[in-house]
Amino acid sequence: MKKCKVCNKPAVYHLTEIQNGEAQALHFCEDHFQEYISGQAPQDEWEPQDEATLIELNSQDLELDEELECPNCGITFQEFRSEGRLGCPHDYIAFREPLIQLLENIHGEREHIGKFPKRAPTSSQQQYDLIKLRRELTAAIAEENYEKAAALRDQISKLEEEEQNELESDSSAE
């Protein structure tokens, strides 16, 4: 996973510039890319990598990708990258780390933190929150962090109560 040259966030923009006949790679997050493109900061602050470093990094990534193979269906990570489809549900486990890196490169995060569709009912957001809280509760219990588990249990109860109240108000409105 490439990092922004300025702030160490995952890079979402990858530029190759030719300066004095030499290719130099630049990697930026969204914010610093905008600064770079608008010319708000001098170019020499960005510390570009030379071409040899870029080739070395890319070859390391390819070696790792070629080695990964799902023990269940036999698809390699390289095949997934070329076809765009996984072979079976076990691939998510077999390719966990490179998939996480891929998602971070594309979205900048490991979890969905954005908006939900406007036409989606509020209950879908509540269901998502409940699932997330239940996972956190299971993890807290496994870690024997009972104070956190109690707080999560209370949050779950509150969300379930709100959901029940909404269902009752919807049925009484009909």
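Guide: A word before we start. UniProt positions use the numbering you see here, and an annotation may be inferred rather than shown by experiment. With that in mind, an unreviewed UniProt entry lists residues 142–169 as "coiled-coil region". The model itself is predicted.

Visitor: What makes up residues 142–169 in the model, helix or strand?

Guide: Helix. The stretch is 89% helix and 0% strand. Its end C-alpha atoms are 37 Å apart.

Visitor: Which residues does UniProt give for "domain: UVR"?

Guide: Residues 127–162, again from an unreviewed entry. In the model this span is 92% helix and 0% strand. Its end C-alpha atoms lie 11 Å apart.

Visitor: What makes β3 count as a strand?

Guide: Strand β3 covers residues 49–50. A strand needs a DSSP run of at least two E residues, so this run qualifies.

Visitor: How do you know how confident the predictor is in β3?

Guide: Look at pLDDT, which goes from 0 to 100. Strand β3 has a mean of 43, the lowest among the elements, while helix α4 (residues 91–94) has the highest, 87. Across residues 42–63, pLDDT stays under 50. The model has 29 contacts beyond four places in sequence for that stretch. For the chain overall, mean pLDDT is 76, and 74% of residues reach 70 or more.

Visitor: Why is Thr76 called buried?

Guide: Compare two numbers. Buried means under 20% relative accessible area. Thr76 has 16%, so Thr76 counts as buried. In the chain, 25% of the 174 residues count as buried.

Visitor: Where is Thr76 found, and what is in contact with it beyond four places in sequence?

Guide: Thr76 is in the loop between α2 (51–67) and α3 (77–83). Leaving aside its neighbours within four places, Thr76 is in contact with Leu68, Glu69 and Phe95.

Visitor: What makes Tyr92 a lining residue of the second largest pocket?

Guide: A lining residue has an atom within 4 Å of a pocket point. Tyr92 is on the list, with Arg96, Leu99, Ile100, Leu103, Arg110 and Glu111. Helix α5 (residues 96–107) gives the largest share, four residues. About 170 Å³ of space lies in this pocket.

Visitor: How many of its lining residues are nonpolar, polar and charged?

Guide: Four nonpolar, no polar and three charged. Tyr counts as nonpolar, and Arg and Glu as charged.

Conventions: Residues are numbered from 1 along each chain as its sequence is written. This is a predicted model: local features need pLDDT of at least 70, side-chain atom pairs count only at pLDDT 80 or more; totals for chains, interfaces and linings use all residues. Side-chain values use heavy atoms; hydrogens and water are left out. On a 1 Å grid over the protein atoms alone, a cavity is a set of points where a 1.4 Å probe fits but cannot get out, and a pocket is an open set with protein on both sides within 12 Å along at least five of seven lines; lining residues have an atom within 4 Å of a point. Grid points are joined across faces, edges and corners, and a volume is the space filled by probe spheres set on the points. Contact means heavy atoms within 4.5 Å. Buried means under 20% relative accessible area, exposed over 50%, partly exposed in between (1.4 Å probe, protein chains only).
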